[in-house]
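This briefing is meant for a reader who is coming to the structure for the first time. Please look through the sequence and the model below before going on to the notes.

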Amino acid sequence: MSLAEVEALVEVDGLSVDFASREGFASVVRDVSFSLRPGESLGLVGESGCGKTTTALSLLGYRRPNSRIAAGQVRFRGRDVLTLSARELRRIRGRQVALIPQNPATALTPGMRIGNQIEEAMRVHGIGGSRSERADRVHRMLEQVLLPPSARIARKYPHQLSGGQRQRVTIAMALACDPQLLVLDEPTTGLDVTTQAQILELLARLRTELRMAFLYVTHDLGVVAQICDRVGVMYAGQLVEEAPTRELFGNPRHPYTQGLIAAVPSVAAPQRDPVLLRGLLQREKLPQGCLFAPRCDFALTECWIERQSLTTASPDHRVACWRWREVSVPEVAAGRERLDRRPAPVVAEMPLIDVREIECAYEYIRPTRTARRQPLLAVREVSFYLNPRETFALVGESGSGKSTIARAIDGLLTPLAGRILCGGRDITGDVRTRPQQLRREIQMVFQDPDSSLNPRQRVSQIVGRPLEFYFGLKGESRRRRVEQLLDDVRLEPLFAGRYPDELSGGERQRVAIARALAAQPTVMLCDEVLSALDVSVQANVLELLRALQSEHEIAYLFISHDLAVVRSVAHRVGVLYRGELCEVGPVEDVFSSPFHPYTHMLLSAVPEIDITQVLLVVHTDPATSTSASRSACPFAHRCPLKVGRVCDDVEPPWQVRREGHAIRCHIPLEELTERTPQPSGRQTVE
Amino acid sequence: MTGRVGSRVPTRRLPTTLRVGGTILIGFFLVALTVPLWAPYSPVETVALPFKGASLDHPFGTDVLGRDVFTRVAYGTRIDLLLSLTSTVIAVLLGAVIGLASGYIGGWFDNVLMRAFEAIVSIPLLILALLVIAAAGPQYSGSLLLLTAVVVLVYTPRVARISRAVAVDLVTRDFLTVARSRGESTWSITRRELAPNASGVLLVEFGVRAGYAPILIGSLAFLGFGVRAPTPEWGLIISENRAALATTPVVVLAPAAVLAMLIISLNLATDGLARYLGRTAVRTP
């Protein structure tokens, strides 16, 4: 019996969902059809706003309050869940179809012990028997998701757990009633790479053990390659391509899929030139024909007029494009070789920013009256420098102190020890004590443009204020300069009159960059500027940052947890672990063997568009050890190559491999070369 | 999915609340401006027998001294609008600046100021007002300046507390960090960054407070500490005529109804305005 003959678990048939807007209803999901067999894992990918979450939630018979199902059926084991009553839906939800939401921080009730939260699902559906049997089952669930199955952890509250642990709890909750289908809505998006690798491994194992079907919603193609059998690509509410994972990544047919795959930066192959997807999805200006036509290089007149529905390209492969036969360009998927377009940094006698052994701490609240007021160091003896027109990247997991360092340089946080020099002048200390000139030269761009732009100011005010403040520009000259700056970040002049909530995420980040540019800085501190953006938008903003660097001669301190992005943008890299640098060097040196064991761990955990890749998973949670148990090498408690007592007791030495590249580890470099090979299936760059 | 918040963009149409409230308010202003041109009688002269009921000549009846209540109420619009609007505007502006700055600065400054304001707020309105009037001394009794000052003093701490809450909510946002690291002064941050985000809250606050100001002023007049007779002021009119509540209720109820109408229209108008201006930092996803 072939797979196709197995009765489908879920059949989505012509689903269309509309959202209420001012002008009536707008289509968010358009005529989407797919099916899911028992035990199968289907990925839904696409950029934000493409309708993938809305589609996924419809499998639970859920629609958002201001939406309506315009057409279609969602049959779960033959029954249309969209027509079920609230009572019947309650019987299915959690019991047969369970949801794992994106953000475990908001998915768990803060005032309820996690054991009770897991048990609640069983109690509601009347399974698990008596109270004590249910408690046993809770422990089994915790064990299954690799949390210590003790009564102690069941009695914890969500805030006492790390992000990864919380996501394990939401997985345990979803598994509590043995559902047949799991709907996963970006379950690893907010997590660190190493934690993500752990969760992905867990999900893969659970799927083989419990034979559950997955509908996996994500924007991350690397994750899809890891966990899905089949992939559906959505664009503007339409399913544009659907194929088995191997087929989709090996032989993408739709121009959008090709663009999406090409836009993903890669840790393994940094030399690939991202073939940028032109423009952005503009919902107001969708043509009556192919929705992708405005951004498509292959669009013909007929594409603009008539929309193509999914047609079969090969037995397993469906694509919604008139010209799929012609557009299949294999080189696009493989990527083109390119010359390194990073502008060469200026070799200066004096670094622009010189950070010398700084230590930073946040204010510490005494747990008891008698406790000594001891600061908790977020950054410990960190030194590095930044040359003019250079990009220095700081990488590390959340909580590694990356942002703290940027805040110290920006003067928002005064280091407890150490010095920060700017062009030879000591600038350690609060921003208020700095001269105007210096404040202008150092500008910061934040992760979340939602929070960094004042929602009640128009773009013209946001970008215009630094002009007025630093250069005294007013009236017409200020307006002209604002337009120039908007042009610099590739935005139309008409954006000047808009408010931030009228812009998309990528546009907002551009405005934030324009505001920083307005000050004509020499250094820009970019704190995770890409992580809130879609891949294709990321590629665009990254390209913009590169261009600005050569046009305006700006040095970047680039803070990111995304190693692939760092590899494509940075000249030099510093790897941070719990506030301490463990490897510093030119980007190609850091990204090739020998690695510091932590760098190696990070690199091996990044999922790439490569279904043969095996993620290296290390089963230690960064949050399990506290600062009290700090050992001499901060990484000792998680290190797979730990030598022994020496790691706990003796500060590891900086071993200089070659000019500018140093690794801080007890293991000799020759041995590191052997024991930290280039991550699976990747060619060395040298 | 991070859907764009299209529904928050203000609509071109004015909200109904703003249109209704605004129309009534404009009516009040017209009356205040033009009353001498069309008032049938003088507000301070006896024109008929006391406590006559409503008639065509005297739509609101006549008061204890035989003055025309309609004329007195119409003239009262001037003093009530003037007093309540100026005092509330001052109180809201002052309270907003103090509250926003205090919330932004934080620390002991914020602590001391807010505890002091809480102490003031904990004193019942009228008692506080009477205390201030008593402290000012008899020479200021009934002066408009003193009454304005009383309302400002009573309202400012309340407005400040609400504004502070807005500022505290915003203080962790990165756009404030940006402004701070640019070297903006506290005043500039309060005015440019914080105030626009508080405007919705402040407008509603203004509507409620401006509506209650005539009640406060009226209560003081009622107790004999407000505007001096024979000045036509609504609270005073109600107070003077209260003896007739059982016999000719119209002379008390009509001014009371007019007062109620002012309060309602102020609330409607400011609520609608806040809605029309729309955008606040606190967004619904």
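A pocket, as the word is used here, is an open set of grid points with protein on both sides within 12 Å along at least five of seven lines, and its lining residues are those with an atom within 4 Å of a point.

- When the lining of the second largest pocket is sorted by class, eight residues are nonpolar, six are polar and six are charged.

**Cavities**

- Rolling a probe the size of a water molecule over the atoms shows where empty space is left.
- In this structure there are twelve cavities of 30 Å³ or more, and the second largest cavity holds about 70 Å³ of space.
- The second largest cavity is lined by 15 residues, of which Cys633(A), Cys639(A), Cys647(A), Cys665(A) and His666(A) are the closest to its centre.
- Its lining consists of eleven nonpolar, two polar and two charged residues.

**The two chains**

- Chain A, which has 686 residues of which 57% count as buried, contains 26 helices and 26 strands.
- Among the contacts in chain A with a separation of 6 or more, 67% are between residues 24 or more positions apart.
- Chain B has nine helices and zero strands, and its C-alpha trace spans about 70 × 50 × 30 Å along its principal axes.
- Of the 285 residues in chain B, 49% count as buried, and 73% of the contacts between residues at least 6 apart in sequence join residues at least 24 apart.

**Confidence in chain A**

- The pLDDT of chain A averages 84, and 88% of the residues score at least 70.
- Residues 623-628 of chain A have a pLDDT below 50, and this stretch makes seven contacts in the model beyond near neighbours in sequence.
- Over residues 681-686 of chain A the pLDDT likewise stays under 50, and here the model has 15 contacts beyond four places in sequence.
- Where pLDDT is low, the predicted coordinates should not be read in detail.

**Lys52(A)**

- A polar atom of the side chain of Lys52(A) lies 3.2 Å from the backbone oxygen of Gly46(A).
- Beyond its neighbours within four places in sequence, Lys52(A) is in contact with residues including Leu44(A), Val45(A), Glu47(A), Glu186(A), His219(A) and Met234(A).

**Ala129(B)**

- Ala129(B) lies in helix H4 (residues 125-136) of chain B, and with a relative accessibility of 0% this residue counts as buried.
- Leaving aside neighbours within four places in sequence, Ala129(B) is in contact with Val150(B) and Leu220(B).
- Although Ala129(B) and Leu220(B) are 91 residues apart in sequence, their C-alpha atoms are 8.1 Å apart in space.

Key: Residues are numbered from 1 along each chain as its sequence is written. Chains are lettered from A and ligands numbered from 1 in the order in which they are written. This is a predicted model: local features need pLDDT of at least 70, side-chain atom pairs count only at pLDDT 80 or more; totals for chains, interfaces and linings use all residues. Side-chain values use heavy atoms; hydrogens and water are left out. A polar contact is a pair of N or O atoms within 3.5 Å; within protein, one must be able to donate a hydrogen and the other to accept it, and residues adjacent in sequence count only if both atoms are side-chain atoms. Contact means heavy atoms within 4.5 Å. pLDDT is the predictor's confidence in each residue, from 0 to 100. On a 1 Å grid over the protein atoms alone, a cavity is a set of points where a 1.4 Å probe fits but cannot get out, and a pocket is an open set with protein on both sides within 12 Å along at least five of seven lines; lining residues have an atom within 4 Å of a point. Grid points are joined across faces, edges and corners, and a volume is the space filled by probe spheres set on the points. Ala, Val, Leu, Ile, Met, Phe, Trp, Tyr, Cys and Pro count as nonpolar, Asp, Glu, Lys and Arg as charged, and the others, Gly among them, as polar. Helices (H or I, at least four residues) and strands (E, at least two) are DSSP runs, numbered from the N terminus. Buried means under 20% relative accessible area, exposed over 50%, partly exposed in between (1.4 Å probe, protein chains only).
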